[in-house]
Amino acid sequence: LSTVVGKDISFDELRSTSDALYVATGTQLPQRVNIEGESLKGVIHGINFLKMVNLGQEVELGDKVVVIGGGNTAIDSARTALRLGTPEVRVVCLEPRERMPAHGWEIEEALSEGIGLLPGRRPVELLVESGRITGLVVQKIKLPDQGGGILNPVFDTENLEVIPGDTVILAIGQLPDDCFLEGSGLTVDDRGRLVIDRVSLAAGDPGVFVCGELVAGSGPGIAAVASGQRAATAVGRFLRGERMINGGDEAQAIGPLPGDVAGRIPRLKRQVMPELPPEERKKNFLPYELGLSETAALREAGRCLGCGAGAVVIPDKCTACLTCLRVC
């Protein structure tokens with residue numbers, strides 16, 4: 001605890017005292033927007049902002065907060081700023097509304113709480129007077145994507161829009177902090193992610209295992225949980241001298257159900273979670289989902305199809321008969 005690898009102890013020293021080493025540092029550094037004035041007072045990176053608030057540290061916000069980003073960190077930052085008492089909060093993002101990476105339900109809840117959403121805009125510069133931020137200049141999308149699935153819009157460089165604001169929260173992404181790897185001999189790609197063997201999950205040294213966002217990039221929390229479980233399996237096999245299985249494979253979708261099967265499944269309506277009204281819940285950080293009644297909870301549980309009927313895949317014994325898939 002309270003030990004900085006690369007400062008208090010070297011990576012090689014840590015490796016030499018362990019039979020196996022698992023690196024799970026994630027993506028803790030904020031990605032920069034690279035616009036002039038990013039280092040000014042009044043500019044906060046979203047991941048740092050959320051960390052400070054959760055640690056109970058005081059954060060100075062103005063009366064008009066502009067959040068840059070379209071992901072969950074951006075929406076979380078906006079809703080947090082609102083709960084800290086900021087009267088006006090807007091979210092500006094590059095993506096069109098339908099392509100924002102944040103959860104749709106969270107975007108809807110943010111809108112219902114009064115947060116403004118300005119999608120399809122690119123930040124150009126920060127307006128500053130007497131050393132203080134007064135607004136953000138953005139460009140609107142002129143032409144949408146031309147296909148291909150990659151966000152590559154054309155922006156209207158002649159017509160600029162000014163969004164008033166005295167605090168800007170940057171939340172466009174996160175990067176890994178790999179300073180602790182100096183001198184370790186491990187390889188990092190051009191995105192700052194560790195290069196690993198996808199079967200063994202080992203990085204260079206067969207006893208060093210890496211998983212999570214350090215190799216996959218930022219994603220949902222449950223993906224990190226799954227990654228940790230795969231790494232635990234890989235480490236266990238390595239320590240026992242067993243052959244490695246493909247620990248990097250993701251679950252594969254089996255596709256839509258055949259029509260005759262789908263038609264026999266009873267359709268039960270999803271139960272609606274009761275919540276506090278937006279005007280009430282946005283005043284504090286208390287849980288606002290009130291919980292299902294016993295009757296509603298039983299109805300919701302009854303919607304489960306019981307997929308697999310308890311079947312368990314044992315990798316060493318699996319013969320790929322696909323019986324489990326057919327049962328599902």
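Trainee: Which glycine follows α6, and is its phi positive or negative?

Mentor: Glycine 241 comes after α6, and its phi is positive, near 75°. Helices (H or I, at least four residues) and strands (E, at least two) are DSSP runs, numbered from the N terminus. Please note that this is a predicted model, in which local features need pLDDT of at least 70 and side-chain atom pairs count only at pLDDT 80 or more, while totals for chains, interfaces and linings use all residues. Residues are numbered from 1 along each chain as its sequence is written, and side-chain values use heavy atoms, with hydrogens and water left out.

Trainee: How many residues does α6 have, and how far does it reach?

Mentor: Helix α6 covers residues 221-240, which is 20 residues, and reaches 29 Å from its first C-alpha to its last. This is close to the 28 Å expected at 1.5 Å a residue (1.5 Å times one less than the number of residues).

Trainee: Which residues of α6 are buried, and what do they pack against?

Mentor: Ser227, Ala231, Ala234, Val235, Gly236 and Arg237 are buried (under 20% relative accessible area; exposed is over 50%, and partly exposed lies in between, with a 1.4 Å probe and protein chains only). These residues pack against β1 (21-23) and β13 (205-210), with contact taken as heavy atoms within 4.5 Å.

Trainee: Turning to the open sheet, what is its strand order?

Mentor: The five strands run β3-β10-β4-β5-β6, with parallel pairing; two strands pair if DSSP finds at least two bridges between them.

Trainee: Which strands stand at the edges?

Mentor: They are β3 (43-45) and β6 (116-118); each has a single partner strand, so one side of each is left without a neighbour in the sheet. Three bridges join β3 to the parallel strand β10 (residues 167-170), and isoleucine 44 has isoleucine 169 as its bridge partner in β10. Helix α3 packs on this sheet, touching β4 (64-68), β5 and β10, and its direction makes about 175° with that of β5.

Trainee: How do α2 and α3 cross?

Mentor: The axes of α2 (residues 46-54) and α3 come within 9 Å and cross at roughly 45°. Axes are lines fitted to C-alpha atoms, for helices over the stretch in contact, with angles from 0 to 180 degrees between N-to-C directions. The contact involves residues including Phe49 and Leu50 of α2 and Ser77 and Thr80 of α3.

Trainee: One last topic: is glycine 85 buried or exposed?

Mentor: Glycine 85 counts as exposed because its relative accessibility is 56%. This residue is in the loop between α3 (72-83) and β5 (88-92).
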